Structure formats: structure tokens, C-alpha cells
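Thank you all for coming; I would like to walk you through one model this morning, going slowly and giving each term its cut-off when it comes up.

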Amino acid sequence: MLVHAFKSMLRQLRCHRLDSIINVTGLAVGLAACMLILLYVQQETSWDKQWFDADRIYRINTTMDLPGREPYRISRSSALLAPALTEHFGEQIELAARARLLEADVVQGSELLKKNVVAVDPEFIDI
């Protein structure tokens, strides 16, 4: 039965070459698009899942709206935002920490290198 179906498929592919090429190409493009969409959704939904209680951790972003430019989001906020949030929403916020990207001089052997480091509040470890 399977051999008969395979022979029939080969006969159809040989007789209708253009239709077969269009169908196989469409199927391949559709499967590739589906796989790319699934990989993108998996990556977006697995962001920071390695942390304990990850569903309770939030990061505040700032939208920069400068004249003459398109608005863009950055993961920065004011240094005074964490104390202000804990003061105004103290019962809803357990911990708040700030993280800041800095450029630091690092000595490696006899070389002086400039590296990006992140300076964080001590509460960052508890989060």
C-alpha cells in the first residue's frame, strides 16, 4: 500500500513539475516561517525565567521622546526613582534596586583595559 502511494506521488511529481515545485516551495517556506515564529515566541516568553519568583520582578524602562526623532525605549531611569517608588508604594514593593552601566579601568596582567561593568545596589542580590 505504501509502495503504491509512493509510486503515485512520484508519477504526479513528474507529470506536474511546476505545480509540484510551487507546492513544495510553499510548504518549505511555511514551515520555516512557523519555526521562526515559534522560536521568537519561545525566546520572548522565557526572558529571565532563571530567577526565583521571576513573575514578581519588574524592570522600568524610559521612553525618550526627543524633538525631531522617533521615540525610543531605553532601560534607564532616574537614580532617584527607586527610593521614590519605595516611599510612595512601600506596601506593594518589597525591594527596589538600581543598576547602572559604567566604564571602568581594569588591570589585566600589565595591560590597562576599559571594560563595561554594572554597579548595583546591595538589594540587587536579594531580588
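Glutamine 108 has glutamate 111 in β4 as its bridge partner, where strands, like helices, are DSSP runs numbered from the N terminus, a strand being E with at least two residues and a helix being H or I with at least four. Before I go further, please keep in mind that this is a predicted model, in which local features need pLDDT of at least 70 and side-chain atom pairs count only at pLDDT 80 or more, while totals for chains, interfaces and linings use all residues. Residues are numbered from 1 along each chain as its sequence is written, and side-chain values use heavy atoms, with hydrogens and water left out.

Strands β3 and β4 run antiparallel and are joined by 10 bridges; two strands are said to pair if DSSP finds at least two bridges between them. Together β3 and β4 make a hairpin with two residues between them, and in that turn glycine 109 has a positive phi of about 70°. Elsewhere in this pairing, leucine 102 stands opposite valine 117 of β4.

How many of the 10 residues of β3 are buried? The number is zero, so β3 lies largely in the open, where buried means under 20% relative accessible area, exposed means over 50%, and partly exposed is in between, with a 1.4 Å probe and protein chains only.

Valine 120 is also in strand β4, and at 37% relative accessibility this valine counts as partly exposed. Leaving aside residues up to four places away in sequence, valine 120 touches Arg98 and Ala99, a contact being heavy atoms within 4.5 Å. From valine 120 to leucine 81 there are 39 residues in sequence and 14 Å in space, C-alpha to C-alpha.

Let me turn to helix α2, which covers residues 17–45. Its 29 residues reach 42 Å from the first C-alpha to the last, close to the 42 Å expected at 1.5 Å a residue, the expected span being 1.5 Å times one less than the number of residues. This helix is hardly covered, with a count of one buried residue among its 29.

Serine 20 lies in α2 and counts as buried, at 12% relative accessibility. Not counting residues up to four places away in sequence, serine 20 touches Gln12 and Leu13. Alanine 32, also in α2, is partly exposed, with a relative accessible area of 36%. Alanine 32 and lysine 49 are 17 residues apart in sequence, and their C-alpha atoms are 26 Å apart in space.
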